[in-house]
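Reader: I have a model to go through with you. Can we take it piece by piece?

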Amino acid sequence: MNGVFASPIVFSTGSSRPVRINVVDLNNGTILDITTVDYGTDSLNLFYGYVNGSFSLAGTYSTGYDSHPYSIDIGDLNDDVILDIPITNHGDYSTTRYNRRELLNYLSATVSILLGYGNSSFPNQTTYSTDRWPRPVPIGDFNNDRRQDILVATERDGTVSVFLGYGNRSFENQTTYSIGLWPGSVAIGDFNNDTRQDIAVTNAYGKTLSVILGYGNGTFSDKTTYLIDTGLTFITVGDFNNDTILDIVVANHGSDSVVGVGALNGDLLLDIIMANYETNDIDILIGDGKGSFTPAADITSLGSSKAIFHAWPWVASLRQKMSGTEAVHFCGGSIIAPRLVLTAAHCFHNVTIPTDPNYARRFGEVHIGQLGLTERGQRIAEWIKVIIPEKYRPFRPHDYSYDIALLILNKDIIDRQDSIICLPSHDTISHVGDYGTIVGWGINDETANEISNYMMQVTVPILDSTIDACNPSMLPPKNSTMTICAGILSGGIDACQGNSGGPLAQKFKNRWYNIGIVSHGIGCARTNSPGFYTRISAHINWLCKQVESEGEVLPVCFDIIPNSTTYKIQSS
């Protein structure tokens, strides 16, 4: 959930030459299975998935002699709530010599429908003729009759064909639309917000993108063509800038890439995956929810990756002033109001000792708006006061129940409301299995001597506070109402030194909430050693009291009174 992937596990398909793959739960086992269409052996292969990430061959089905299957989709084509499989087949072919080149002429292109029996078997198929070189075969409801229809793009004839389904495993004869030169990839979506399905097609050698709008009755408008500088191959759609309008992303012909989308790093924003033929690798582009993307950067040994510029405007670097040098980062924090920063008490524990008036961390700088620690922040302020709960005791370093601190700044450090992170209400509960994202400048390895120069992010799941790993014998008993236990029990992903005081953030309804403060743990990213985070909802009333006494305002400190436009401060 952080955009990081383990090394690939390779499963042999023999000499079958698989050309397309689909992932779905075929046997209702709640674990994803894999289907491949195999050009070399004229077959469909099914691989059952297991909870440990392995797969086994469950069955092989012929698509017909010399059928040369090329593309696959999966859906319920006969209204029996059982998954079926449509496949496009290039068919038998002859060869022609032209300008010293050998061209393939496909003579018997078809679409095969393999109906499922509910036990992951697909013994029978029905075949429909189509135009030459059929490629993708997406499923959709093009005439709003709640029955699945099939769409086929054919490269050689430059068409898309629509097969309307009757809901009983049979289909109408195809209706064909001219679309452009060598259509290569097809996507379905409602591109004009009329609740009807439309079609977008890339034309590989025509260097165009064609869109035909659906009328909701199985017919479509004339194509609208968009000229692109380079030839296009694969296409996919998604709402990449969160405006509720579908966008289109395509791979250029020169890049020879397959494109997919998904939320890969736990921030609920769409990212882009590109599988590259020529370089035999995968590129991941992390989306910022505003239509921009950043290449996923090098992954650290703690599973974190480089943060995206402007994605975390409320993450602060707390820096200690050093005589004759630039201020040095020692902890993280989060901006919760223009003059207020939330961080961890253990970052400042000595300021509670009045006999140490010269302790350096009484004064320092807060930097925001930069990714690298060698950069000065776009905005800088100094803290003039540190407030720590009276119940926090520095002489009990292992009791972190009250590991929270509020910094009062000498001036506003932000001027936009969306540059702060929201706080949870006092009764907010973060559920086991939810994910939180840690952002900051912690060290990249437990044995490292220096913190990361670059802002990093990592996503971890919230764990059940009653499990043994969340109650290590090396630490005092944990109070789950005061502390969040989060991490990966197998190790490898965690916060570490330098992240202290930074946020554990969760996204609700397109706003980020700071649910926890990076507090403590046993080492970093060790097996069965998750991290512990101060639960902010347990300290909201204390925080509101301090903010009120400083003459500041926190939106979370107010409850709306029913049937009223007035507000009241929560009682403590």
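Reader: Where is the place of Asp79?
Author: Asp79 is in the loop between E5 and strand E6 (85–89); strands are DSSP runs of at least two E residues, helices runs of at least four H or I, numbered from the N terminus. This is a predicted model: local features need pLDDT of at least 70, side-chain atom pairs count only at pLDDT 80 or more, and totals for chains, interfaces and linings use all residues. Residues are numbered from 1 along each chain as its sequence is written, and side-chain values use heavy atoms, leaving out hydrogens and water.

Reader: What about the phi of Asp79?
Author: Positive, about 55°, although Asp79 is not a glycine. Most residues other than glycine have a negative phi.

Reader: Is Asp79 buried, exposed or partly exposed?
Author: Partly exposed, at 45% relative accessible area; buried means under 20%, exposed over 50%, partly exposed in between, with a 1.4 Å probe and protein chains only.

Reader: Switching to rings. How many aromatic pairs are there?
Author: Twelve. Rings of Phe, Tyr and Trp (its six-membered ring) pair if their centres lie within 6.5 Å; planes under 30 degrees apart are stacked, over 60 edge-to-face, the rest tilted. One of the pairs is Tyr39 with Tyr70, edge-to-face, 6.4 Å centre to centre and 80° between the planes.

Reader: Which parts does that pair tie together?
Author: Tyr39 lies in the loop between strand E2 (33–38) and strand E3 (43–49) and Tyr70 in strand E5 (residues 69–72), so the pair links parts 31 residues apart in sequence.

Reader: Buried or exposed, Tyr39 and Tyr70?
Author: Tyr39 is buried at 10% relative accessible area, and Tyr70 is buried at 15%.
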